[in-house]
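Hi there,

Here is the structure I promised to pass on. Have a look at it first, and then read my notes below.

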Amino acid sequence: MIYFIYILIGIAIFSSYRLLVGPTIQNRLVALSSVSVIFIVILAIYSIQNRNIFFLDLSIAFLLLDFVGTIAFTKFLGREDFK
Amino acid sequence: MNIFLELFSLFLMSLGSIVMLFAALGLYRFPDIYMRLHSSTKVNTGGAMTILLGLVLRSGISALSLKILVLILLIFILTPVISHAIARSAHLQGKTPMIPFTSYPKEEYEPEYEFLKE
């Protein structure tokens, strides 16, 4: 089951190309959300493999943190004086 | 552990990995922000839920399994909200989607990209 972690790390590196060279801020936000979801799945697989429950808490906290940060950043981008 | 259950779990995790690879490929390849949203976020949500469902089948009935079910529910709710918020901010900044023609006949449509104006 460790091979799925390697595959997902490769997918995250391949997906972070758009995070580095994305033309606008929205492209980078999409890539950041995708990489964070992959990271959540990696944490869940590691937690099941080692029978350790703390990494699941970390993954749920990371998901909620990504949600709140992205919502706040898009509310900031949609303002009238920031066009 | 039952051998068929383990094989089905491995099948689900492989399917989710392939689906997430397709999401990353669409994020790399598509030209517009709306197309990237359409490719990336929905497919990524489905792949993550499939991999976590395979983990639930592998883990059996325990506290770990219950917590992964909570994680599946949170991903199912929160990730489309993130996608919708990004698309809304792109719309509020005045970006038009890259389409070669509009389906409304009376409306004047001027694409902002150079190769569509020919």
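The contact takes 34 residues from chain A and 38 from chain B, where two residues are in contact if their C-beta atoms, placed from the backbone, lie within 7 Å. On the chain B side, helix H1 (3-29), H2 and helix H3 (63-92) each supply at least two residues; H3(B) gives the largest share, with 16 residues. Helices here are DSSP runs (H or I, at least four residues), numbered from the N terminus. By class, this side of chain B has 25 nonpolar, nine polar and four charged residues. Ala, Val, Leu, Ile, Met, Phe, Trp, Tyr, Cys and Pro count as nonpolar, Asp, Glu, Lys and Arg as charged, and the others, Gly among them, as polar.

A note on the source: this is a predicted model, in which local features need pLDDT of at least 70 and side-chain atom pairs count only at pLDDT 80 or more, while totals for chains, interfaces and linings use all residues. Residues are numbered from 1 along each chain as its sequence is written, and chains are lettered from A in the order in which they are written.

Now for one helix pair. Helix H3 (residues 25-50) of chain A packs against helix H2 (residues 33-59) of chain B at an angle of about 5°, with the axes 10 Å apart; axes are lines fitted to C-alpha atoms over the stretch in contact, and angles run from 0 to 180 degrees between N-to-C directions. That makes H3(A) roughly parallel to H2(B) (angles under 35 degrees). Val30(A) and Leu37(B) are among the residues that make this contact.

Best wishes

Terms used: Angles under 35 degrees count as roughly parallel, over 145 as roughly antiparallel, 65 to 115 as roughly perpendicular and the rest as oblique.
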